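Here is a briefing on the structure shown below.

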Amino acid sequence: MYADIIVDISHENLDKTYQYAVPAEWEKKAVVGSLVKIPFGKGERYLKGYIVSLSEYPKIPLEKIKCVLEVVENGLAIESQLIKLAFWIKDNYGATMNDALKTVIPVKRKVKQKENKRIILAQKKETAVAYLAIYQKKHHTAKVRLLEALLADETLDFEMVTGKLNISRETIKTLEKDKLITVKSSLVYRNPVRYESKDQKEIILNESQQKIADCMRKDYLEGIRKTYYIHGITGSGKTEIYMDIISSVVEQGKQVIMLIPEISLTYQTVMRFYHRFGGRVSFLHSRLSGGERYDQYVRAKNGEVDIMIGPRSALFTPFEQLGLIILDEEHETSYKSDSPPKYHAREVAIERARMTGSSVILGSATPSIESYKKALEGEYQLFHLTERANDAVLPKVWVADLREELKNKNKSIFSRKLSELITDRLAKKEQIMLFINRRGYAGFVSCRSCGYVMKCPHCDVSLTSHNNGKLICHYCGYEVEMVKKCPGCGSNYIAAFGTGTQKVEELVKKAFPEARVLRMDTDTTSKKEGHEKILAAFSNQEGDILVGTQMIVKGHDFPNVTLVGILAADLSLYSSDYKAAERTFQLLTQASGRAGRGKKQGEVVIQTYNPEHYSVITASTENYEEFYRKEMLFRSMMSYPPVEHMVAIMVSAKEETYCFDGARSLAEQSKLYISEEQGKIIGPVKASVSKVKDIYRWIVYIKCKDYEVLKKQKDQLEEYMQKQDLFRNCSVQFDFDPVHS
Ligand code: ADP
Ligand code: ZN
Ligand code: ZN
């Protein structure tokens, strides 16, 4: 057997592997992730390295291959663990091992840090004196020196201790372990929490929250490890349960990873955790600089934090003592990677938990269909929270039929009900959120005379009009001036359609001139902390109406918001992917959940052209169970996930013929591996966005009940592609149970 070994496990050097032979005596122990001792270079140099792949064949002449000296028994090393996880990801989602490794190993930034480490006494003086006596008796002179110095001077400079006092780092570590001293790094790390603290009230869990927390705690203390699902309506207090169970796990000396979609990782959320756990909690998000981000990983690895909160990538936090992984808002599509390896954080979390003996908690008000199915089948333990936590009442929901509005000659973007309620709230000095579904409201430009649509010349998407008079491609950034005449027919009837956030903001100002309007979308939040500024302004009542996209529906608590308007609910229904109804239900429910978070009851107006669609009806009554039943009927009928599994194989190439030929040969080849009873092969078909940045894209879909069959077929296709010249001109990506359309 031959092993590829990495000796420098840092992001930059992951592709530098060296092949060694594994002697027969070590073959049983040598697996991907194993720590090994190897001779390296000329002379008698030995290095440690990690196995990242194994094969039966040597890649270099046999006489040049050296042997692994030893496979080191080291089951717990975090590097081994992450490499094993990378291998699992590669195996399950189809990617190169290198891509998989790059996913799990953080990018190192070479940034100089100012070290300002100090040692402080962590115990009462009396305790320290008692220990001092013991050490003196045992002649542990170094410990005696340190304790004496600390008793005289409660905090000491780390450099001074290792230098002038001549105390070794091991001694310091031992005393730290015994909890006699603490090593503090003040401002060594760039701290992502830059805000002053405010007072926050104590919260006592209510009965239903307590029951769930107790149940999970009992399991945890008894060593039972499971995946739990908390299905709790918006505002039912899931986050409070997470914090409660996190405390218990941390008390056991274990560490916790909590995943939150980036968009929900707001100032409010950060502060809630910061108040509860102080410096033991750390946050990762995309607005951190590379250095800040890397610091958070280092702190985690050194055991200086117990809790890491962040989006998908936080899952790979190098905690040595992992005990619990939480995925909040489990249904979010951002948990699925959209570049290879196209892994799903939920599944990888469950695998990492299995490897480390940790528990997993999933939570959402609107569970993904696939997870809820597993919960109902008992694979996850399911809990429900059906009431709002802080006595807030559920909002009253109105559905406004936009077809009726048209019949009544109402051409404004506000239905009569919504107008009436906005006027009412403005008079009462209560706040309003207006939600726009980004998907349909893109503001594309087309000709009313001939139907010509302005498209990006490099991508198969329409251009979006912006206020600065430019048309912009959101896929590649291509820009062009707005045209005056239709390039198709030369008429003047070319104009922007649909209503972007900017347009809605204008229309609101026109219809309600007395209102102060704030807008939140990618344009207004692209600056660092742009998010927080707008939210803080709205929270401080500096605005009456907040207009925004998806962004405004996530995780914010505004007690004075008593009206939520969803301007066009069903635009996401027209999207072509099989999750369209699910996504619509989630958006509507989450958006409604923003109303009436405080003492006053809220109202929600859902404007739609499809008032009879089940996703609209069930969202307006917050009836998830009913939605689930209807949606599962549709999925069974169409053999879509989770009823069957599906893999999308996307072939892309510069020339469309290569692309098509590649896709067709993969479809043909698949027929050899998968019989008609086993599964269905669809395509090749053009991708819904069939060209991006001048690269064409075709897709083959394969549906099959058995995930293992699909996985095996992927391996076979990969082998096939290696032998075919055609695939030198194409790139191929596998996407299992796709969630991005
Ligand atoms: P979720 O995560 O389910 O949306 P949260 O945990 O954010 O719910 O709780 C919603 C609101 O209710 C928050 O403002 C929170 O402080 C409050 N809350 C939660 N649990 C309680 C409780 N037991 N008593 C009082 N207020 C609570
Ligand atoms: Zn483009
Ligand atoms: Zn035209």
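UniProt lists residues 219–385 as "domain: Helicase ATP-binding", from an unreviewed entry. UniProt positions follow the numbering used here, feature names are shortened, and annotations may be inferred rather than shown by experiment. Over residues 219–385 the chain is 36% helix and 22% strand, and the end C-alpha atoms are 20 Å apart. Helices (H or I, at least four residues) and strands (E, at least two) are DSSP runs, numbered from the N terminus.

This is a predicted model: local features need pLDDT of at least 70, side-chain atom pairs count only at pLDDT 80 or more, and totals for chains, interfaces and linings use all residues. Residues are numbered from 1 along each chain as its sequence is written, while chains are lettered from A and ligands numbered from 1 in the order in which they are written.

**Ligand 1**

- The shell around ligand 1 holds 16 residues. A residue counts as near if its C-beta atom, placed from the backbone, lies within 6 Å of the molecule.
- The closest are Gly237, Lys238, Thr239, Ala389 and Asn390.
- Helix α8 (residues 238–251) gives the most to this shell, with three residues.
- By class, the shell has four nonpolar, nine polar and three charged residues. Ala, Val, Leu, Ile, Met, Phe, Trp, Tyr, Cys and Pro count as nonpolar, Asp, Glu, Lys and Arg as charged, and the others, Gly among them, as polar.

**Domains**

- The domain assignment gives domain 1 (2–104), domain 2 (115–187), domain 3 (207–385), domain 4 (396–440 + 499–635) and domain 5 (645–736). Bounds come from an automatic or database domain assignment.
- The C-alpha centres of domain 3 and domain 4 lie 28 Å apart.
- Between these two domains, 16 residues of domain 3 are in contact with 22 residues of domain 4. Contact means that two C-beta atoms, placed from the backbone, lie within 7 Å.
- On the side of domain 3 that touches domain 4, the elements giving two or more residues are α9 (267–277) and α12 (369–376).
- The largest share of that side, three residues, comes from α9.
- That side of domain 3 has seven nonpolar, eight polar and one charged residues.

**Cysteine site with Cys447**

- An unreviewed UniProt entry gives the annotation "binding site" to Cys447, Cys450, Cys486 and Cys489.
- These four span 43 residues in sequence, yet no two of their C-alpha atoms are more than 8.6 Å apart, so they gather at one spot.
- Cys486 sits in the loop between β21 (479–481) and β22 (494–496). Cys489 is in the loop between β21 and β22 as well.
- Cys486 is buried, with 21 other C-beta atoms within 10 Å. Buried means 20 or more other C-beta atoms within 10 Å of the residue's own, exposed 12 or fewer, and partly exposed in between, with C-beta atoms placed from the backbone.
- Cys489 has 13 C-beta neighbours inside 10 Å and counts as partly exposed.
- Leaving aside neighbours within four places in sequence, Cys486 is in contact with Cys447, Ser449, Cys450, Tyr452, Ser491, Tyr493 and Ile494.
- With the neighbours within four places again left aside, Cys489 contacts Cys447, Ser449, Cys450 and Tyr452.

**Cysteine site with Cys456**

- UniProt also lists "binding site" (unreviewed entry) for Cys456, Cys459, Cys473 and Cys476.
- Cys456 lies in the loop between β18 (445–447) and β19 (464–465). Cys473 lies in the loop between β20 (470–472) and β21.
- Cys456 is buried, with 23 C-beta neighbours inside 10 Å. Cys473 is buried with 21.
- Not counting residues up to four places away in sequence, Cys456 touches Val461, Leu463, Cys473, Tyr475, Cys476 and Tyr478.

**Trp88**

- Trp88 is part of helix α1 (residues 78–93).
- This tryptophan is buried, with 21 other C-beta atoms within 10 Å.

**Overall fold**

- The protein has 22 helices and 30 strands.
- Of its 741 residues, 43% count as buried.
- The C-alpha trace spans about 95 × 65 × 50 Å along its principal axes.
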